[in-house]
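The model comes first, the notes after.

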Amino acid sequence: MPSPAPQDLVVTQATSDDWPVVRDWAVGEGWNPGPADLHAFFAQDPDGFFIGRVDGVPVSAVSVVRYDADYAFLGWYLVRPGLRGQGHGLATWKTALAHASTRTVGLDGVVAQQDNYRRSGFEPAYRTTRFTGPAPVAEIPAGVRPARAADLPAVTAYDSACFPADRPRFVAAWLTTTGHRAFVRHVGDRLTGYGVIRPGHECLRVGPLFADTAEDARALFTALLAEAAGRRVAVDVPGTSPAGVALAEEAGFSPSFETARMYTGPVREHALERVFGVTTLELG
């Protein structure tokens with residue numbers, strides 16, 4: 001039987017009900033997606049998810065999530081195994097990318113695809129390395145506590161300083177999604193960082209880990225690992241943070257794979273020096 005031709009592909013916006021099959025593809029790629037992440041992902045931009053079908057059967061997917069008038073993020077670029085190399089991914093990519101309009105688009109690209117992304121206008125900004133390992137036994141340090149509902153305004157403002165766009169809808173959902181555990185650190189009355197740990201398919205994932213200093217990041221990371229003692233944990237550390245790399249290595253974690261943050265244009269200034277662990281490779 002001949003393979004489906006690209007002209008047989010129908011690309012539409014996806015709903016959260018469509019996405020579990022895409023998540024299964026991501027599991028097969030070893031991406032370790034979180035089982036409850038979709039609530040927060042779709043809260044940010046429910047129109048930013050696209051799926052390609054041939055004869056009604058899903059074969060390709062990509063998300064282009066808009067954060068504000070200037071910035072969007074591309075992720076979930078997947079084609080069903082056995083149907084690759086036939087143009088379905090590229091056709092879905094082009095349809096989804098139009099959703100960004102004139103916005104700068106970011107993505108986290110695996111090494112094998114980075115040349116292709118360059119040809120599509122993406123330029124590398126920095127490298128990100130995923131570190132994984134069993135969480136050591138730890139206690140929550142002084143000055144760190146679980147986030148509360150009353151912390152949301154301060155956490156949202158802090159997040160905005162560390163990210164290329166404001167994302168209050170995402171942050172509100174990310175902190176409260178089932179299974180997600182968020183911690184904040186204060187020095188006096190001042191918030192000096194926050195972090196989240198959540199379930200993944202294969203192991204727990206830390207992200208974001210945003211903090212003023214390496215000391216703040218270490219305290220938060222220790223608290224997050226205390227939630228996971230003995231279980232495997234992964235954290236995606238930007239190459240711009242040698243202190244973040246040191247934290248992962250001190251915990252006994254090892255590098256497992258690498259991506260590159262890439263952009264199609266300029267992004268607003270943000271405190272990249274506070275980013276010790278990125279939020280998620282799927283949405284930035």
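Which strand gives the most to the lining of the largest pocket? Strand 4 does, with 6 residues. Keep in mind that this is a predicted model.

**Pockets**

The largest pocket is lined by 31 residues. Nearest its centre lie Trp-31, Tyr-77, Leu-78, Gln-113 and Tyr-117. At least two lining residues come from each of strand 4, helix 3 (88-97), strand 5 (104-110), helix 4 (114-119) and strand 12 (254-263).

The second largest pocket has a lining that includes Pro-146, Arg-148, Asp-151, Leu-175 and His-180. Helix 6 (168-176) and strand 8 (181-187) each supply at least two residues there. Helix 6 has the largest share, 3 residues.

The table sets out volume and lining classes.

| Pocket | Volume | Lining by class |
|---|---|---|
| Largest pocket | about 710 Å³ | 14 nonpolar, 11 polar and 6 charged residues |
| Second largest pocket | about 150 Å³ | 7 nonpolar, 2 polar and 3 charged residues |

**Helix 1 and its cover**

Helix 1 spans residues 19-28. Its buried residues are Trp-19, Val-22, Arg-23, Trp-25, Ala-26 and Val-27. What covers them includes helix 2 (38-44), strand 2 (49-54), strand 3 (57-66) and strand 4 (71-79). After the helix comes Gly-30, with a positive phi near 80°.

**Val-62**

Val-62 sits in strand 3. Is Val-62 buried or exposed? Val-62 counts as buried because its relative accessible area is 0%, and the cut-off for buried is under 20%. Among its contacts beyond four places in sequence are Trp-19, Phe-49, Phe-50, Leu-74, Trp-76, Tyr-77, Trp-93 and Ala-96. Trp-19 is also one of the buried residues of helix 1. Tyr-77 is also one of the residues nearest the centre of the largest pocket. The C-alpha atoms of Val-62 and Gly-89 are 8.2 Å apart, across 27 residues of chain.

**Ser-160**

Ser-160 belongs to helix 5 (residues 152-162). Its relative accessible area is 15%, so Ser-160 is buried. Which side chain makes a polar contact with the side chain of Ser-160? That of Asp-166 does, at 3.2 Å. Setting aside neighbours within four places in sequence, Ser-160 is in contact with Ala-165, Asp-166, Arg-167 and Arg-268.

Terms used
Residues numbered from 1 in each chain as written. Predicted model: local features only at pLDDT ≥ 70, side-chain atom pairs only at ≥ 80, totals over all residues. Heavy atoms only, no water. Buried < 20%, exposed > 50% of the residue type's maximum accessible area, 1.4 Å probe, protein only. Helix = DSSP H or I, 4+ residues; strand = E, 2+ residues; numbered from the N terminus. Contact = heavy atoms within 4.5 Å. Polar contact = N/O pair within 3.5 Å; in protein donor to acceptor, adjacent residues only side chain to side chain. 1 Å grid on protein atoms, 1.4 Å probe; cavity = no way out; pocket = protein on both sides within 12 Å on 5 of 7 lines; lining within 4 Å. Points joined across faces, edges and corners; volume = space filled by probe spheres on them. Nonpolar A, V, L, I, M, F, W, Y, C, P; charged D, E, K, R; others polar.
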